[in-house]
Amino acid sequence: MSSAPWSFLPSRDIDLRRSLGAATILSALSLGACNTQTANAPLAPPIAHTALTQPGALAQPGALTGEARDKEWLKQAPQATIDPAIARTTVDYKTNEPAGTVIVVTKERRLYYVMPDGKAMRYPVAVGHAGMAWAGTANVDRKGEWPDWNPPPEMIARRPELPKRLEGGPTSPIGARALYLAEGKKDTLFRIHGTNEPEKIGQAVSSGCIRMLNADVVDLYERVPIGAKVVVR
C-alpha cells in the first residue's frame with residue numbers, strides 16, 4: 001500500500017525538531033504506503049512512530065544479510081501485542097482453489113495460504129479502508145526483501161510532503177517483505193507487505209494494500225513462489 005542506518009539518540013532541541021519533522025513525514029507514509037514501486041536509490045532513514053531516531057548506530061545496509069539481517073531488523077521494528085485468537089495458525093479450510101493459492105477475505109481481515117488436505121495457514125491482516133479496498137484475481141509478479149519504497153507521481157501530487165524514495169529498513173511502511181501483484185503481467189499497484197504499524201493489524205486502514213505483521217509476511221514469503229495465484233475478495 002516502507003536499508004539505512006539509524007540510532008536511538010537522546011537529542012537536544014535542534015535534533016528533536018528535526019526528528020519531529022521526520023516523524024510527521026513517516027506518519028503520512030504509514031497512511032499512504034500502497035500503490036508503490038520499489039526503488040534502489042538511498043534516502044535518509046525514516047523515523048519510527050514509536051521512537052525518535054537519528055542516523056548512526058544501526059547496522060549498515062551491507063553489514064547484515066539473510067537471516068542475520070532479519071533477526072536484527074525484526075527486533076528493531078515497531079512491535080505490538082496481537083490477540084492470540086487472531087494469530088497465525090493452521091486451520092481447516094474448504095476451497096476449490098488449489099494448494100499454493102493465496103486468498104484474502106477482506107471482510108474477515110484474514111489471509112489464507114491454501115495447503116493440501118483441506119488445510120490453510122491463516123494470517124491476520126489489515127486491509128484497505130472504505131473506498132480504497134481492492135478485489136480481484138492476480139498473480140505474484142515479483143517479491144522483495146526489506147524493499148525500498150518509491151511513491152508514484154500521482155501520490156506525490158496528492159501528498160507533496162512525501163519523499164520521492166524511502167530506503168527499506170526496520171521502520172519502513174513496507175516492512176520486511178513485499179509480494180507485488182500483477183494481472184496479466186500488468187502491475188496492479190497493490191501489494192501484500194509488512195508494516196510499521198503492527199497495532200493496526202485486523203483493521204481496515206490501508207490505502208488498498210494488504211498489510212501483515214513482519215514475522216507473518218516473512219513466513220508467507222517463504223511459502224509463496226513467483227507466479228502464485230492471489231484471490232482478494
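Q: Where is the place of Asn196?

A: Asn196 sits in the loop between E7 and E8. Helices (H or I, at least four residues) and strands (E, at least two) are DSSP runs, numbered from the N terminus. The model is a predicted one, where local features need pLDDT of at least 70 and side-chain atom pairs count only at pLDDT 80 or more, while totals for chains, interfaces and linings use all residues. Residues are numbered from 1 along each chain as its sequence is written, and side-chain values use heavy atoms, with hydrogens and water left out.

Q: Why does Asn196 count as buried?

A: Buried means under 20% relative accessible area, exposed over 50%, and partly exposed in between (1.4 Å probe, protein chains only). Asn196 has a relative accessibility of 3%, so Asn196 is buried.

Q: What does the side chain of Asn196 reach?

A: The side chain of Asn196 reaches the backbone oxygen of Thr171 at 3.2 Å.

Q: What makes Asp219 and Arg88 a salt bridge?

A: A salt bridge is a side-chain nitrogen of Lys or Arg within 4 Å of a carboxyl oxygen of Asp or Glu. The side chains of Asp219 and Arg88 meet at 3.4 Å, N to O, so the pair qualifies. Asp219 lies in helix H4 (residues 214-223), and Arg88 in the loop between helix H2 (66-76) and strand E1 (89-92), so the pair ties together parts that are 131 residues apart in sequence.

Q: What makes Glu197 and Arg211 a salt bridge?

A: The closest N and O atoms of Glu197 and Arg211 are 3.0 Å apart, so the pair meets the definition. Glu197 is in the loop between strand E7 (186-193) and strand E8 (204-206), and Arg211 is in strand E9 (residues 210-212), 14 residues apart. Both Glu197 and Arg211 are buried.

Q: How many salt bridges does the structure hold?

A: The structure holds 14 salt bridges.

Q: Why are the buried residues of H2 said to be on the same side?

A: The buried residues of H2 are Arg69, Asp70, Trp73 and Gln76. They cover an arc of only 135° around the axis, which puts them on the same side of H2; the arc is that of the directions from the helix axis to the C-beta atoms. The buried residues of H2 pack against E5 and E6, where contact means heavy atoms within 4.5 Å. The face turned away from the buried side of H2 carries the exposed residues Glu67, Lys71 and Lys75.

Q: How many helices and strands are there in the protein?

A: The protein has four helices and ten strands.

Q: What share of the protein do buried residues make up?

A: Buried residues make up 51% of the 233 residues.

Technical notes:
Polar contact = N/O pair within 3.5 Å; in protein donor to acceptor, adjacent residues only side chain to side chain.
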